[in-house]
Amino acid sequence: MIRFKLFGYPVTIQWMFWLMCAILGLNALSTPGQAGIIMLAILVGVVLVSILWHELGHALARKKVGSPYSEIVLHGFGGYCTGPGNFTRNQHIFVAFAGPLASFVLGGLVVLLAQSPVGGGMWVQYLIGQALWVNFGWGLMNLLPIYPLDGGQMFSAFMANK
């Protein structure tokens, strides 16, 4: 396990997170030579940064609605942000949506980067492609009303009798 603080929030990265990244990167490793290892490293970096950013969105939203403490955990299914707090229906929906919103914002920043005249070689293009897929593709899937995804959390809060 790896533990550190990110903007004051405790973060734990479990070993299953790294296994998930390796499984996701199996296709990259089918590329011969050093290129496959570079592609795997880029993918792992994109997934790590993107999921941390997503969970940081939840942590910041929890703080905004009055939670005194939040902790981020990355695991084999992605990640979660937890801590004390008893939220209203609207606050719960806000906190749940904050993660996908953070992902879409990061994806938008990647789009702006891709439009910049800086250019970049094939590794930059690969990074951009992976970052777009992880932040927009996974972000949209995360909004499906399936528990424990954020969409399921929002749907559950919406249907609650509060």
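Trainee: What makes the link between the side chains of Ser70 and Arg62 a polar contact?

Mentor: Start with the rule: a polar contact is a pair of N or O atoms within 3.5 Å; within protein, one must be able to donate a hydrogen and the other to accept it, and residues adjacent in sequence count only if both atoms are side-chain atoms. The side chains of Ser70 and Arg62 make such a contact at 2.7 Å. By the way, this is a predicted model, where local features need pLDDT of at least 70 and side-chain atom pairs count only at pLDDT 80 or more, while totals for chains, interfaces and linings use all residues. Residues are numbered from 1 along each chain as its sequence is written, and side-chain values use heavy atoms, leaving out hydrogens and water.

Trainee: Why does Ser70 count as buried?

Mentor: Buried means under 20% relative accessible area, exposed over 50%, and partly exposed in between (1.4 Å probe, protein chains only). Ser70 has 3%, so it counts as buried. Ser70 sits in the loop between α3 and β3 (helices are DSSP runs of H or I with at least four residues, strands are runs of E with at least two, numbered from the N terminus).

Trainee: And why is Trp18 called partly exposed, while Phe17 is called buried?

Mentor: Trp18 has a relative accessible area of 31%, so it is partly exposed. Phe17 is at 0%, so it is buried.

Trainee: Why is the pair of Phe17 and Trp18 called edge-to-face?

Mentor: Rings of Phe, Tyr and Trp (its six-membered ring) pair if their centres lie within 6.5 Å; planes under 30 degrees apart count as stacked, over 60 as edge-to-face and the rest as tilted. Here the centres are 5.3 Å apart and the planes are at 80°, so edge-to-face it is.

Trainee: Why is the pair of Phe104 and Phe136 stacked, then?

Mentor: Their centres are 6.2 Å apart and their planes are at 20°, so that pair is stacked. It links distant parts of the chain, with Phe104 in α4 and Phe136 in α5, 32 residues apart.

Trainee: What makes a group of residues a nonpolar core?

Mentor: Its members are buried Ala, Val, Leu, Ile, Met, Phe, Trp, Tyr and Cys residues joined through side-chain atoms within 4.5 Å. The largest one here has 26 residues, and Phe17, Val47, Ile72 and Leu74 have the most contacts inside it. Its largest share, eleven residues, comes from α3.
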